[in-house]
Amino acid sequence: MFLTISTTGSGGAPATDLGFLLHKHPEKTQIFSTSYGDAHVFYPEASEQRCTAALLLEVDPVALVRRGKGRGGAPDSALAQYVNDRPYAASSLLAVALRTVFASALKGVCNARPERAANPLPLRIAIPVVPARGGAALVRRLFEPLGWTVEAEPVVLDAQFPAWGDSRYVRLVLEGELRLAEALRHLYVLLPVMDDAKHYWVSPDEVDKLLRMGEGWLADHPEQRLITSRYLARRWSLTRQAMERLELARLAEADDSEPEALDNAVDEEVDTEEKPVPLAVQRRQAILTALRAGGAARVLDLGCGQGQLVGELLKDARFTEIVGVDVSMRALGEATRRLRLDRMGDHRAARVRLMQGSLAYTDTRLKGYDAAVLSEVVEHLDLPRLPALEYAVFGTARPATVVVTTPNVEYNVRWETLPAGHVRHADHRFEWTREEFRSWTGQVAQRHGYDVRYVPVGPDDPEVGPPTQMAVFTTTAKEAVA
Ligand code: SAH
């Protein structure tokens with residue numbers, strides 16, 4: 001298993017700076033032991049103009065078998081445990097070696113040449129044999145969106161028998177101007193994705209690792225779903241979790257994409273693999289359905305956060321007035337930027353407004369709307385503040401329809417990455433069981449003259465219920481007439 005990383009001198013800096021960036025001296029040959037064999041690092045060339053570092057992993061097939069994870073060939077064949085492609089083809093084992101050997105470089109840490117680490121370099125990465133399920137075309141779909149020029153040539157099964165066709169291996173050369181840390185992270189994630197046979201058990205902390213390594217590029221990658229699901233060895237609960245967190249990260253990052261483009265990217269069928277729709281997307285769909293059913297045109301999004309639901313509402317012309325309210329100026333600033341409120345056409349802009357306000361205080365500006373949404377908001381208030389919110393929304397603003405969503409804490413046992421007893425978000429002051437939610441919403445409805453019905457959002461688990469619980473309040477008929 002072999003890979004080379006080359007760079008040329010640029011901007012007056014010598015190519016041999018690569019040694020500083022990788023924390024490996026160009027004049028030395030070094031050996032590192034990994035769980036699967038020895039990794040050698042050496043420099044076949046090291047001049048001011050051009051410098052190449054090579055990583056050679058000598059996989060020890062016996063160590064692989066001892067660890068019980070030898071794969072390749074027919075899984076049930078005893079021989080295949082020993083005779084397989086692992087020693088030769090760059091797979092997830094090489095990714096592990098990359099992380100072991102180039103840990104600091106992956107983090108982008110370089111005290112000796114910080115400016116070189118922080119800036120793109122002309123890079124060329126060559127891997128002679130990569131197993132690629134999906135072939136050269138998939139390899140291009142994985143690397144090209146990241147700014148690489150990709151040369152992926154299928155390796156024929158046997159040169160003497162061309163009729164046998166191509167093997168599942170490709171020879172891969174990547175060229176581009178990227179930061180070294182970025183390039184290494186691409187490889188770390190995408191090597192096992194191409195291989196699609198992760199050799200080790202995928203534990204929930206792999207989600208953290210994936211998000212760390214994918215920071216800055218995975219959230220916007222058009223093949224995000226395929227990458228996530230293959231990286232996590234198709235464990236759907238983990239994949240779903242990772243995609244939700246990516247969506248949150250994407251919201252948090254400065255991001256100029258049109259909300260529409262983002263949502264389409266999420267919903268697009270890119271592969272025949274199973275595609276979990278992120279919970280946040282399902283939640284917005286359920287909310288829109290409830291609002292449409294209530295015939296609402298003028299809608300409040302209370303605790304609108306970064307404006308994703310506002311963006312969805314804008315797409316449907318029946319919503320003629322949309323007001324997002326949040327206590328956080330930062331969230332509102334982000335929403336303004338994401339929705340491109342300042343650059344929106346007048347016609348559209350006239351339908352939407354964002355304002356700062358706290359739901360813990362009565363606010364007469366909120367009176368007179370058809371509907372209000374509290375999506376994943378109540379759990380952000382301290383329990384003793386809830387009566388104030390109740391009075392502000394149900395007592396004073398009094399829209400005909402109120403949609404409230406909140407996590408169902410019973411479902412938390414189904415999130416594999418959530419340690420027992422933890423809430424889903426650090427800022428959640430509480431999370432309710434289904435019964436607790438029904439009790440609060442039932443009392444609110446009774447106190448303020450509303451009917452309430454419940455809608456599960458996400459897979460409705462027979463034992464623990466759905467991940468999100470939603471209550472739809474409508475003013476009782478008598479009130480509506482009055
Ligand atoms: N509704 C969005 C965001 C949920 S996060 C969604 O479903 O994705 C919760 C939001 O509620 C945050 O943006 C937070 O700033 C806001 N929030 C918390 N307490 C609030 C209060 N007292 N008044 C108004 N907004 C509040």
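Here are some friendly notes on the salt bridges and the ligand site of this predicted model.

1. First, the ground rules. Residues are numbered from 1 along each chain as its sequence is written, and side-chain values use heavy atoms, with hydrogens and water left out. Because the model is predicted, local features need pLDDT of at least 70 and side-chain atom pairs count only at pLDDT 80 or more, while totals for chains, interfaces and linings use all residues.

2. The whole structure holds 26 salt bridges (a side-chain nitrogen of Lys or Arg within 4 Å of a carboxyl oxygen of Asp or Glu). One group to look at is the network of salt bridges that links D17, R113 and R116.

3. D382 and R429 form a salt bridge with their closest N and O atoms 3.0 Å apart. This pair joins distant parts of the chain, 47 residues apart: D382 sits in the loop between β11 (371-375) and α17 (386-397), and R429 in the loop between β12 (401-407) and α18 (434-448). Helices (H or I, at least four residues) and strands (E, at least two) are DSSP runs, numbered from the N terminus. D382 is partly exposed at 36% relative accessible area, and R429 is partly exposed at 42% (buried is under 20%, exposed over 50%, partly exposed in between, with a 1.4 Å probe and protein chains only).

4. E410 and R434 meet in a salt bridge at 2.9 Å, N to O. Here the loop between β12 and α18, which carries E410, is linked to R434 in helix α18, 24 residues apart. E410 is partly exposed at 24%, and so is R434 at 27%.

5. Do have a look at D461 and R414, whose salt bridge spans 2.8 Å, N to O. D461 lies in the loop between β13 (450-457) and β14 (468-475) and R414 in the loop between β12 and α18, so the bridge ties together parts 47 residues apart in sequence. D461 is buried at 15%, whereas R414 is partly exposed at 29%.

6. Now the ligand. It is surrounded by 14 residues, the closest being G303, D326, V327, L359 and S375 (a residue counts if one of its heavy atoms lies within 4 Å). By class, this shell has five nonpolar, seven polar and two charged residues (Ala, Val, Leu, Ile, Met, Phe, Trp, Tyr, Cys and Pro are nonpolar, Asp, Glu, Lys and Arg charged, and the others, Gly among them, polar).

7. The protein covers 76% of the 570 Å² of accessible area that the ligand has on its own (Shrake-Rupley method, 1.4 Å probe).
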